Amino acid sequence: MKIDIIGDIHGCFTEFKDLTLRLGYSWESGFPSHPDHRALGFVGDLTDRGPASLQVIETVWQLVINHKQAYYTPGNHCNKLYRYFLGNKVQVTHGLETTVAEYESLYNKEQDSIRKKFIELYEKAPLYLVLDSEKLIIAHAGIKQEFIGKSHGKVKEFVLYGDITGKKNPDGTPVRLDWAKTYNGDAWIVYGHTPVKEPRILNNTYNIDTGAVFGGKLTALRYPEMEIVSVPSTMPYFAEKFKQFD
């Protein structure tokens, strides 16, 4: 299996296109395809905060649903947008407001199309991906060894939000435990969710959310080569958004 796994895009379509081109994909057909039949993988959080969330949705839907050339598993921002599109009451904050503004600027027919595509993408997605005979796992915020193969409520909360404690940091963000420090499984776990300045590689885990939407980079991990490929962000840089680990 040859797959290029891309970190949290968050509506940064320009960076997404630049990264796929650097990875050797062609956009001649309107979406990225690789001459060596490599597939793309997405760790979730396709939307919110960035300038072109709907364009990212459209492209990923084409890849995953229409052409079956890619893999996608949702993140917490995907989950919130899904609930918004279902008509559930959600707070249009923490980046969702940018996606909603894009959506509301469309004509009704276009709104209906993108809403249906995202709902289909989300509903057909697994909670996390288990690939290559269980040697590779893609989970938005990571996954504990004992949760692999399970899908109950605790697993969903962990995969979407990380190892949260229920407590808050002074800035209002949730306190998260460093699950990767104690992971001792054989499978490679590739995840995002927590922006880091450089990909964090620890105990067979790779955090590849390098904060494209906060002015960092958009990063891909090439599997099975385990090669990191990044492109710089065009967005303003916010140093405080990046997590420092001990």
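## Charges over rings

A charge sits over a ring when NZ of Lys or CZ of Arg is within 6 Å of the ring centre and within 35 degrees of the ring normal. Lys17 does this with Trp27: its charged end sits over the ring, 5.1 Å from the centre. Lys243 lies over the face of Phe245, at 5.4 Å from the ring centre.

A word on what you're looking at: this is a predicted model, where local features need pLDDT of at least 70 and side-chain atom pairs count only at pLDDT 80 or more, while totals for chains, interfaces and linings use all residues. Residues are numbered from 1 along each chain as its sequence is written, and side-chain values use heavy atoms, with hydrogens and water left out.

## Aromatic pairs

The structure holds 16 aromatic pairs (rings of Phe, Tyr and Trp, the last by its six-membered ring, with centres within 6.5 Å; planes under 30 degrees apart are stacked, over 60 edge-to-face, the rest tilted). Take Phe16 and Phe42: their ring centres are 5.8 Å apart and their planes meet at 70°, so this pair is edge-to-face. Phe16 is in helix H1 (residues 13–22) and Phe42 in strand E2 (residues 39–42), so the pair links distant parts of the chain, 26 residues apart. Helices (H or I, at least four residues) and strands (E, at least two) are DSSP runs, numbered from the N terminus.

Both Phe16 and Phe42 are buried (under 20% relative accessible area, with exposed over 50% and partly exposed in between, using a 1.4 Å probe and protein chains only). Elsewhere, ring pairs link Tyr82, Tyr84, Phe85, Tyr103, Phe118 and Tyr122 into a cluster.

## The largest pocket

A pocket here is an open set of points on a 1 Å grid over the protein atoms alone, where a 1.4 Å probe fits, with protein on both sides within 12 Å along at least five of seven lines; lining residues have an atom within 4 Å of a point.

Of its 49 lining residues, Arg49, Thr173, Pro174, Arg176 and His193 are the closest to the centre. Helix H3 (76–85), strand E6 (164–168) and strand E7 (174–176) each supply at least two residues of the lining. The lining divides into 15 nonpolar, 17 polar and 17 charged residues (Ala, Val, Leu, Ile, Met, Phe, Trp, Tyr, Cys and Pro are nonpolar, Asp, Glu, Lys and Arg charged, and the others, Gly among them, polar).

## Cysteines

Calling a pair of cysteine sulfur atoms within 2.5 Å a disulfide, the count comes to 0. Cys12 is in no disulfide, and the nearest cysteine sulfur, that of Cys78, is 14 Å away. That's too far for a bond. Cys12 is buried at 0% relative accessible area, and Cys78 also counts as buried, at 0%.

Tyr223 and Pro224 are joined by a cis peptide bond, with omega about 15°. You'll find Pro224 in the loop between strand E11 (217–223) and strand E12 (227–232). Met226 lies in the loop between E11 and E12 too, and has a positive phi, near 60°, without being a glycine. Met226 counts as buried, at 19% relative accessibility.

His193, one of the residues closest to the pocket centre, isn't a glycine either, yet has a positive phi of about 80°. His193 belongs to the loop between strand E8 (188–191) and strand E9 (200–202), and is buried, with a relative accessible area of 11%.
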